[in-house]
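Morning, everyone. I have one structure to show you. Let me put it on the screen.

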Amino acid sequence: MTSVRVLVGTRKGAFILNADGKRERWTIDGPHFAGWEIYHITGSPADPNRLYTSQSSGWFGQLIQRSDDGGHTWTPVGNTFTYEGEAGTHLWYDGTQRPWEFKRVWHLEPSPSDPDTVYAGVEDAALFRSTDGGHTWQELSGLRRHDSGMRWQPGAGGMCLHTLILDPAHPGRLYAAISAAGVFRSDDGGITWRPINRGLRSDWLPDPTADTGHCVHRIAQHPGRPDTLLMQKHWDVMRSDDAGETWYEISGNLPSDFGFPIAIHAHEPETIYVVPIKSDSEHYPPEGKLRVYRSRTGGHEWEALTRGLPQSHCYVNVLRDAMATDRLDPCGIYFGTTGGQVYASADAGDTWTPIVRDLPAVLSVEVQTLP
Amino acid sequence: MIRVILPTPLRALAHLEGEVQIQIDGPVTQRALLDALEARYPVLRGTIRDRETGRRRALVRFYACGQDLSNEAPDTPVPAAVAAGAEPFLIVGAIAGG
């Protein structure tokens with residue numbers, strides 16, 4: 001029978017939530033790696049029992065954990081992330097150049113076809129790949145060595161490569177998003193890269209339409225419409241219909257066009273979800289009302305989804321990797337908050353229920369739809 | 001035998017309880033001690049010393065015999081009481097935060 005496994009990374013460990021296809025009754029398993037920051041836990045599309053976890057700590061550094069049995073048992077694999085060749089320098093907040101220095105793995109993206117191949121987006125921004133199940137990691141250094149690299153600078157959360165999309169329709173095409181550098185595309189399997197930020201506007205930059213320097217928070221792609229990309233930027237929800245060559249704004253009637261995650265309905269490529277957040281300094285929902293906004297028109301026109309979500313005194317945030325969808329019909333939508341709630345909707349966002357309310361702050365949410 | 005006490009998160013990571021006892025042939029330096037510890041528990045590689053530079057991680061401290069040895073050169077011998085197994089070598093997660 002079809003079931004759903006929700007993988008939750010938090011500030012203090014990982015949790016695995018399970019339900020059958022009805023998505024009404026949940027079991028909660030965890031914490032795994034108690035006390036450690038879990039920036040990301042995710043599964044291989046090619047083998048759902050193969051999971052990868054980024055486990056890190058300000059004290060004890062970075063580990064990668066791997067499970068071959070759906071998260072019941074874990075084995076630490078390789079944690080050597082060495083920049084290839086000269087590390088080089090990037091721009092620091094004070095305008096000086098600072099050497100690239102590995103800090104942590106933000107995002108793991110397993111190959112859709114090979115359980116042993118997995119990519120890692122790291123801080124300071126770079127892309128690594130393992131083809132042996134996480135035991136060894138090699139940098140795809142063309143991204144970090146891009147001519148613009150010296151001008152990249154950290155966003156408030158660090159200079160992180162936080163989103164990686166392996167294009168299902170164009171072999172060798174990858175998208176990577178970096179805060180605060182922007183979006184980059186490779187068409188040769190990650191060897192060479194170019195920025196694809198035309199149409200983005202960031203008024204805090206000396207040149208608001210510069211090639212790089214944009215604080216992109218998250219990008220999403222629907223596998224059935226691979227040339228369309230959706231973006232939640234630090235201000236502005238954006239869309240591209242030409243594989244990132246040009247972008248245009250679709251913020252429309254959102255109460256705030258700031259936010260972190262963006263997700264797409266599994267079966268409706270024009271149905272998009274965002275969580276508007278008040279900024280620049282507050283980083284909580286406008287008016288203290290936690291609302292997911294859904295567009296059924298590919299952007300511009302948005303409706304507030306509120307049923308089951310707190311509509312008063314709610315001051316949590318939803319981080320960039322903390323929203324995901326399942327592949328059931330109706331499509332399930334899931335998100336986690338910095339207040340430790342994981343909310344689920346089994347009806348494409350019409351109604352919401354907390355699966356669990358009091359976890360540590362949620363950093364990431366991924367969903368596996370299991371046969 | 002050299003006695004080593006790890007901080008709780010690293011004990012959990014290495015699936016061990018209480019003190020670790022390790023045998024070291026030759027001079028007992030900080031480097032030799034940590035090399036032997038990591039050889040026995042490979043999961044600790046990178047958690048105490050940076051994998052790239054080999055340097056102590058900033059928020060990890062080394063104490064023994066009432067002294068802070070964190071900034072000793074890696075090839076300096078550890079105190080005689082540690083080398084003799086009379087006193088433990090403490091690896092400590094620094095107090096950081098509020």
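Start with chain B. From the N terminus on, its elements run β-α-β-α-β-β-α-β. That gives chain B 3 helices and 5 strands. Keep in mind that this is a predicted model.

How compact is chain B? Its radius of gyration is 13 Å, and the globule rule gives 13 Å for 98 residues, so chain B is as compact as a globular protein of that length. Now picture a box along the principal axes. The C-alpha atoms of chain B fill one of roughly 35 × 25 × 25 Å.

Next, contacts. Take those in chain B with a separation of 6 or more. Of these, 55% join residues 24 or more positions apart. As for burial, 26% of the 98 residues in chain B are buried.

Now the cores. The largest nonpolar core has 105 residues. Which residues have the most contacts inside it? They are V8(A), I219(A), M323(A), Y334(A), V342(A) and V365(A). And which strand gives the most to this core? Strand β15 of chain A, residues 174-179, with 5 residues.

Let's zoom in on Y334(A). Set aside its neighbours within four places in sequence. Y334(A) is then in contact with V6(A), M323(A), A324(A), V342(A), Y343(A), A344(A), V365(A) and V367(A).

Last stop. There is a second, separate core, with 22 residues. Among them are I2(B), L34(B), A64(B) and V82(B). That brings us back to chain B, where we began.

How values were computed: Residues numbered from 1 in each chain as written. Chains lettered and ligands numbered in written order. Predicted model: local features only at pLDDT ≥ 70, side-chain atom pairs only at ≥ 80, totals over all residues. Core = buried A, V, L, I, M, F, W, Y, C linked by C-beta atoms within 7 Å. Buried ≥ 20, exposed ≤ 12 C-beta atoms within 10 Å, placed from the backbone. Helix = DSSP H or I, 4+ residues; strand = E, 2+ residues; numbered from the N terminus. Contact = placed C-beta atoms within 7 Å. Rg over C-alpha atoms; globule rule 2.2 N^0.38 Å.
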